[in-house]
2 protein chains.
Amino acid sequence: MTTKPLIFITNDDSYLAKGFRHMVALASEFGRVVAIAPDRVQSGMSQAITINQPLFMRKVEESADVTIYAFSGTPVDCAKIAFDHIFVNEKVDLVLSGINHGSNAAINVMYSGTMGAAIEGSFYGVPSIGLSLDDHDADADFEGAVEYGRRIISAVLAAADRLPRPLCLNVNVPRCAASDIQGIRLCRQTRGFWREEFYHREDPHGRDYFWLTGGFNNAEPEAEDSDEWALAHRYVAVVPVQVDMTDYKMLRSLDGVIK
Amino acid sequence: MTTKPLIFITNDDSYLAKGFRHMVALASEFGRVVAIAPDRVQSGMSQAITINQPLFMRKVEESADVTIYAFSGTPVDCAKIAFDHIFVNEKVDLVLSGINHGSNAAINVMYSGTMGAAIEGSFYGVPSIGLSLDDHDADADFEGAVEYGRRIISAVLAAADRLPRPLCLNVNVPRCAASDIQGIRLCRQTRGFWREEFYHREDPHGRDYFWLTGGFNNAEPEAEDSDEWALAHRYVAVVPVQVDMTDYKMLRSLDGVIK
């Protein structure tokens, strides 16, 4: 007798987000779901962890194959408490994070709470997929993300035994009708950085305030192997993610400079 | 006439931390200092940014060569507002983040707000150094960190014109008397992950709470080129940091698996 795969889900838009509900429904096609998601929006939380305050968890849904907890921590806290507290004696088969409202392509992989949690999940030896739709709308159309998410989840579960670990995928889906998506492309992370324009206003009490807003500067818009190029051309972009941040080239440049 | 270098400082322990005061004093030896630091502790904030709320800044110190602002954002917010609002018409020569209370070696580079801000600073084309002491004590002894920080800052400023960009260094100083430090080692990021143990208690109102605590599992304690080995052997560890997180090896493994 084969047991159903056990799938852990989290996100950064909270357990109330439309994209999260789609992820739970999609994952349920493949196995038993345990989700621990933030109890409020945690976008842009990156790999942040909560060190200096206690965290609260409550069960918000339970059925035969789906259990959902709302947690007061960051997305990475959600992944950590899942693996180091909830699943201590259970083998998890897959980590899913999202479906995020908004792209996490290019350097966004570093700022994203969705990808922070997916990356953290991969640290536990479990194949991990962050799935994002290039549409911030709270009521975005997730049809394409669900359709291609299903294809990618199938492929990863089928090949899990022969793929190395850690295994983490950053999957981004273009904003267009599902039928207009051109296919899937394996990509690398696009080079480029954000430049911000801070809204600068005065609050009702006469205090200056700033509000972060900005735009991504793509340093290589013509690079056909980059994830931004794939999205711009209506492909689903799949970038495998690793966490050795050593700049090996710079190591050689620094030889003799710092001693 | 040469103008003094302009040095931007931030951290994640807040502008009130002892390590921050040491960094300001150290940087003042080299040039004019503008610091924007969090107005409260922001440890473990990684590359997090504040999207959904306004941010407040106030000047807390001003002298001929040192200006310090306290900011209500994350460390990365501090770097962003510095470059995209304060320094719009000024060339910054160096970014310094820290001196952090606690090591940011190995995978900590990803969780650290200190390193988040240092990495962000490097996105603006300015040489960037995160400096951390392997001692969490609020009253830690920063003598060795200051002495070796001085050496590394000197070397980076002297070689800045011929080093490539982005340039970001993760510098970690061992916890020992300055005179016991064995020297500086250029290293790579140690492989290994944290495993957490959540304190699980009941609050005064009968609600369960969890508190994150854990330990780092070093996957290669004998690797002499790793930053953890350097720290354990009383060397200052210098790891250059880059942000292409693409797992190129995995890209090849996925060929034909995801299509």
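Author: Happy to! Let's begin with residue classes: Ala, Val, Leu, Ile, Met, Phe, Trp, Tyr, Cys and Pro count as nonpolar, Asp, Glu, Lys and Arg as charged, and the others, Gly among them, as polar. This is a predicted model, in which local features need pLDDT of at least 70 and side-chain atom pairs count only at pLDDT 80 or more, while totals for chains, interfaces and linings use all residues. Residues are numbered from 1 along each chain as its sequence is written, chains are lettered from A and ligands numbered from 1 in the order in which they are written, and side-chain values use heavy atoms, without hydrogens or water.

The structure holds four cavities of 30 Å³ or more (a cavity is a set of points, on a 1 Å grid over the protein atoms alone, where a 1.4 Å probe fits but cannot get out).

The lining of the largest cavity is made of 14 residues, each with an atom within 4 Å of a point. Nearest the centre you will find A:Ser46 and A:Met110, along with B:Ser46, B:Gln47 and B:Met110. Two or more lining residues come from each of these elements: α3 (108-111) of chain A, and α3 (108-111) and α4 (113-122) of chain B; such helices are DSSP runs (H or I) of at least four residues, numbered from the N terminus. By class, the lining has eight nonpolar and six polar residues, and no charged ones.

Let's step back to the two chains. Contact (heavy atoms within 4.5 Å) involves 79 residues from chain A and 79 residues from chain B.

How values were computed:
On a 1 Å grid over the protein atoms alone, a cavity is a set of points where a 1.4 Å probe fits but cannot get out, and a pocket is an open set with protein on both sides within 12 Å along at least five of seven lines; lining residues have an atom within 4 Å of a point. Grid points are joined across faces, edges and corners, and a volume is the space filled by probe spheres set on the points.
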